[in-house]
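This report examines how chains meet in a multi-chain assembly. The sequence and structure are shown first.

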Protein chains: 4
Amino acid sequence: MTDVRVGVIGVGNMGAEHVDILHRFVPQAAVTVVAGPDEERVHSVAAVARARPTSDSYALITDPQVDAIVIASPDSTHAGLVIAAIRAGKPVLCEKPLAPTVDECVRVVQEEQRSRDRLVSLGFMRRFDPAYTELKTALNAGRCGIPLMMRCVSRGVSFDPGENSELSISGSAVHDFDIVSWLLASAITEVSWHAPRRTSAAASFPDPQLILLHTEGGVLAVVELFLNAGYGYDIRCEIVGENGAVSLANPARLITDSARTRSTGFPADWRSRFADAYRLELQAWIAAIATSHQSALATAYDGLIATAVAEAVIASKKGGGRKVAVRVPAA
Amino acid sequence: MTDVRVGVIGVGNMGAEHVDILHRFVPQAAVTVVAGPDEERVHSVAAVARARPTSDSYALITDPQVDAIVIASPDSTHAGLVIAAIRAGKPVLCEKPLAPTVDECVRVVQEEQRSRDRLVSLGFMRRFDPAYTELKTALNAGRCGIPLMMRCVSRGVSFDPGENSELSISGSAVHDFDIVSWLLASAITEVSWHAPRRTSAAASFPDPQLILLHTEGGVLAVVELFLNAGYGYDIRCEIVGENGAVSLANPARLITDSARTRSTGFPADWRSRFADAYRLELQAWIAAIATSHQSALATAYDGLIATAVAEAVIASKKGGGRKVAVRVPAA
Amino acid sequence: MTDVRVGVIGVGNMGAEHVDILHRFVPQAAVTVVAGPDEERVHSVAAVARARPTSDSYALITDPQVDAIVIASPDSTHAGLVIAAIRAGKPVLCEKPLAPTVDECVRVVQEEQRSRDRLVSLGFMRRFDPAYTELKTALNAGRCGIPLMMRCVSRGVSFDPGENSELSISGSAVHDFDIVSWLLASAITEVSWHAPRRTSAAASFPDPQLILLHTEGGVLAVVELFLNAGYGYDIRCEIVGENGAVSLANPARLITDSARTRSTGFPADWRSRFADAYRLELQAWIAAIATSHQSALATAYDGLIATAVAEAVIASKKGGGRKVAVRVPAA
Amino acid sequence: MTDVRVGVIGVGNMGAEHVDILHRFVPQAAVTVVAGPDEERVHSVAAVARARPTSDSYALITDPQVDAIVIASPDSTHAGLVIAAIRAGKPVLCEKPLAPTVDECVRVVQEEQRSRDRLVSLGFMRRFDPAYTELKTALNAGRCGIPLMMRCVSRGVSFDPGENSELSISGSAVHDFDIVSWLLASAITEVSWHAPRRTSAAASFPDPQLILLHTEGGVLAVVELFLNAGYGYDIRCEIVGENGAVSLANPARLITDSARTRSTGFPADWRSRFADAYRLELQAWIAAIATSHQSALATAYDGLIATAVAEAVIASKKGGGRKVAVRVPAA
């Protein structure tokens, strides 16, 4: 069987991670080209997989040695690159979000519809995290009864330099918007935005934030996003149903008893917490391509919906926390 | 040292519990009279402590063999009985709430002010729960930094027959309103009420409910009340600060490994969960009386404030979840 | 009802603790006399309960103002004092061990038999710890099936200055010898002693130690005693049966998320870990005396048995770890 | 880069698992031939990886389309097959144990020495389990101080039909013998065997068993093996040092609150518990072959040592639990 030749666009942490995982852990994938703006960085990332470096992302897309494309460049470039990949007729895995605005998302979805091929997969990798997968299985098995409430917590140590108020919602909280819909198999219909006073570590925008989501099925979800939580990278999720609750366990592997305390560690960031999720996602993506099956990853339409929720949340924030209905344009 | 002779009004679960605890675990307390409407029940409860049964609560208050009074009768009777106790010049421990309405609470507070004696203690027993006490100590020691968010969860197996929509807030959620203010040492200034679709176990009113509280210090607290959670009596509390979080641990004492699961148990109700809290509260109350010190329990004014928050929440609920400012009348 | 007037012998940590608990938490008990060798210390301990201080332990026993006696003096004095209490016809609660040698224990048991009254109670307070009590209830309810193995861990921060190799077994490990027999309701028949190299914190004798106990019912128990564990006071117990296991949960009440770790605390010593156990034990003891019922505490014979196990363990230690049968003399 | 072509011998659960993992998760590996005695079974296992089935294990070893060999056939066949692989000059990964007797192990080690190539890797996959790896890192980082004691627990639901008393030690407990030496980097020098009465689920031989191991460094390890524990597959490990303890956390990913209990699940067997370990082990093995590096897996000599410990334990068992020194023949 011939390997799927993958071109990776973007050489930040995320792009480098994808190259590494594809190379080390995904049979049937061969990273052939890597694109990025910084020449030195793109060389070093490409070298990991003995791939060809380039500064031209659009040339990578049409390169005959590239069968499939991973996009891990800045959010604002996603839509254009995905559309180019669709036009080249190549499967593309785009990191979330599909695009920061609904308008751009709609254009991508429409382009894909014209192509008549489901070429776009979206990197909502939590759907492949073994813990979230077990949560969904338990929910569907009726372990907690009909769901009524959810609580999602996404805490990080500190935010990236480029982070700002809208990006924190469209680029970070969007993970939880997708996971809520996916776990509950129910669309988010109404949102409202809330916040305490901001942490002194957050100079320029509100952090933490609290977002209430109502779903079509009547569930009320509370999403807490705290980018500068300081103490660790800490992801939690609980679903409360009519006769019980299911939640993610603490993923720590080691207990230390020392100095009057029993402790477990928190990861510093998403890399170790979601290493399995990224690996399983990429394996599923490549396996689908290699066998000409439909990818099991999130779709462009899922990306459109998540961004529509993000826009509603941003509108609520601007409107002082009022309730805002989520509108998903016909695409 | 002579014992403090206590009269207990109310012979429901709570009244019976108080009689039992006073009798078995509180040195210097002697339950001398027990009042309640159901003759058979009042006799059996009184018998536990070899106390005299009566059907006349007001006579109990002025009885010369009663030095101090515990009120555990229905919420609507609280204000009148507390006022009678103040007029009799006797220390009184009233179960929460002080009264279901702010107006009544104000009358109690004013009566106490006239008496020039701090005679009223309020049964917010969570303040004596060893776990909540440790939480407060840890917070004050700066263990999580300046507080930003709180999460309070109060879940029960099923509600009492007499429960209704307003009582669930003024009589049950009120525990969390008090604990938020007490832990943070900060007043609740604004509230909003939210809910998912109600559990099918709740015929007549919304359950679960989600209440957002903003405090003077800028903390945003989420209070979840789920009276019919079904699976167990489950009380949780987390405070998230600028550099960490502190929360109550699972209070289970036993781990069972069996049938492919590792499990711990939930109590069926508040009795076992808060047994220590009730005992320590009553011991503190009696010790203060015996030594003529000011009681360390919640005050009538604390009760007024908690009911004012409850009224604001009820107003938000009636107003479709809008934000409502908490107004505490000058008393 | 008249209070039970208690005389307490011994004003070390343990004696002081008993005086405090009796005074503050045990209705129907009044500490009237406190005996100890150090005048200053005996005065300050007695003052807590407004009791009379004395340096003469034997005079305390026969004092007409003493109805019942607590013995918390050094282990070597226990037998003589208990025998004096029996001769005075007064109920006595002796701290474990009953005596460091089987011979002395036998003399106490014989003295009690002559008196025809069950006057002696032994302070194996773990039997009153709510967690151990739940463990026993779960075991008896068949939660883990027929028991096969046990694991007991008793770790402390550092040992007392007076500690030595034999005392660590006869005075400390003896807690676990009793709890094994009590939980399993089965006598210990054979023992062997084992040890790794000693911790560098232990200058003079082996620490930690590992003791294997075989019971009449065929259970094999491993008892680990580590007096200088350093990190905290940590008591564990697990019973493994034919279809499951039951064990004590971590008793911590608070979780702290901070500095890349989630942690709970360990107590510094037995005082906070077993505060409930001591309180409940003393309440049960006084309640039995006040109502002229048989005490539910461990008996002199239980003390004899525990010391017999300790002697067998010491013999195994001296014999290089060979198996030694436990011999309980007819008493 | 050309794939490493792997031949797998053995089509039981373990062999099938290896074929599946190599095929799905190990880049650079291609399973080309699968050997086993049962024609139907060998066909279905081979089909997973589109490999060629054969009934002749020795022919597989010399097959020119086989670069490297995995041995997952019954324990008694290991030595012969490994020696054949060495003679064929091919890298071989043999499932533990290397052989059930020390004599056979010695022959393998000597054969490898003659070949002057380190061709043999041994499947002590726990060394690749992320939790054990963290444990070793923490120990080496001094997290618990100098190690003094260890506790290893290996419990399963029920044993395989072919299991017997000696195999349970040489084939199952051997995992813990290796992990003790590996974690502590210290040889096991003396052992003793102990047991409670056997569970009624174990007809033919003692289960559970308790094995004490003394290491060169002075550590005392307690290994509990309970093949018919019934309740789940449960692997535990704790190392206690001079100032703390480190242990494996419960690996469950999901918490369920339901029916008065909070619970997490146990896996049914080793497959899910050690899925990561097997995958990482095979990846490391193939990566080493592909890059002509020395494998990081356990060596033939490690296998010899573990079997030497097993023989000493079996001797102790036959000798009524006496202490037996471990003798590793010069090889």
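The following sections describe two chain interfaces in this predicted model.

## Interface of chains D and C

Chain D and chain C each contribute 38 residues to their contact. Together they bury about 2,800 Å², with carbon and sulfur atoms giving 59% of that area. On the chain D side, D:Met149, D:Arg197 and D:Glu242 supply 21% of the area buried against chain C, more than any other three residues.

Eight salt bridges cross this interface. One of them links D:Arg236 to C:Glu238, with an N to O distance of 3.0 Å. There are also 14 residue pairs in polar contact between the two chains. Five strands of chain D, namely S7 (147–155), S9 (209–215), S10 (220–226), S11 (234–241) and S12 (244–248), each supply at least two residues to the side that touches chain C. S7(D) gives the most, with five residues. By class, this side of chain D holds 17 nonpolar, twelve polar and nine charged residues.

## Interface of chains A and D

Here 31 residues of chain A touch 31 residues of chain D. The buried area is about 2,600 Å², and carbon and sulfur atoms give 50% of it.

Two salt bridges are counted between chain A and chain D, including that of A:Glu134 with D:Arg253, whose closest N and O atoms are 3.4 Å apart. Ten residue pairs are in polar contact. Helices H1 (13–25), H6 (130–140) and H9 (275–290) of chain A are among the elements giving two or more residues to the side that touches chain D.

S13(A) and S12(D) run antiparallel and are joined by five bridges. Within this pairing, A:Thr256 stands opposite D:Val246 of S12(D).

Note on methods: Residues are numbered from 1 along each chain as its sequence is written. Chains are lettered from A and ligands numbered from 1 in the order in which they are written. This is a predicted model: local features need pLDDT of at least 70, side-chain atom pairs count only at pLDDT 80 or more; totals for chains, interfaces and linings use all residues. Side-chain values use heavy atoms; hydrogens and water are left out. Contact means heavy atoms within 4.5 Å. Buried area is the accessible area (1.4 Å probe) that two parts lose on being put together, summed over both. A salt bridge is a side-chain nitrogen of Lys or Arg within 4 Å of a carboxyl oxygen of Asp or Glu. A polar contact is a pair of N or O atoms within 3.5 Å; within protein, one must be able to donate a hydrogen and the other to accept it, and residues adjacent in sequence count only if both atoms are side-chain atoms. Helices (H or I, at least four residues) and strands (E, at least two) are DSSP runs, numbered from the N terminus. Ala, Val, Leu, Ile, Met, Phe, Trp, Tyr, Cys and Pro count as nonpolar, Asp, Glu, Lys and Arg as charged, and the others, Gly among them, as polar. Two strands pair if DSSP finds at least two bridges between them.
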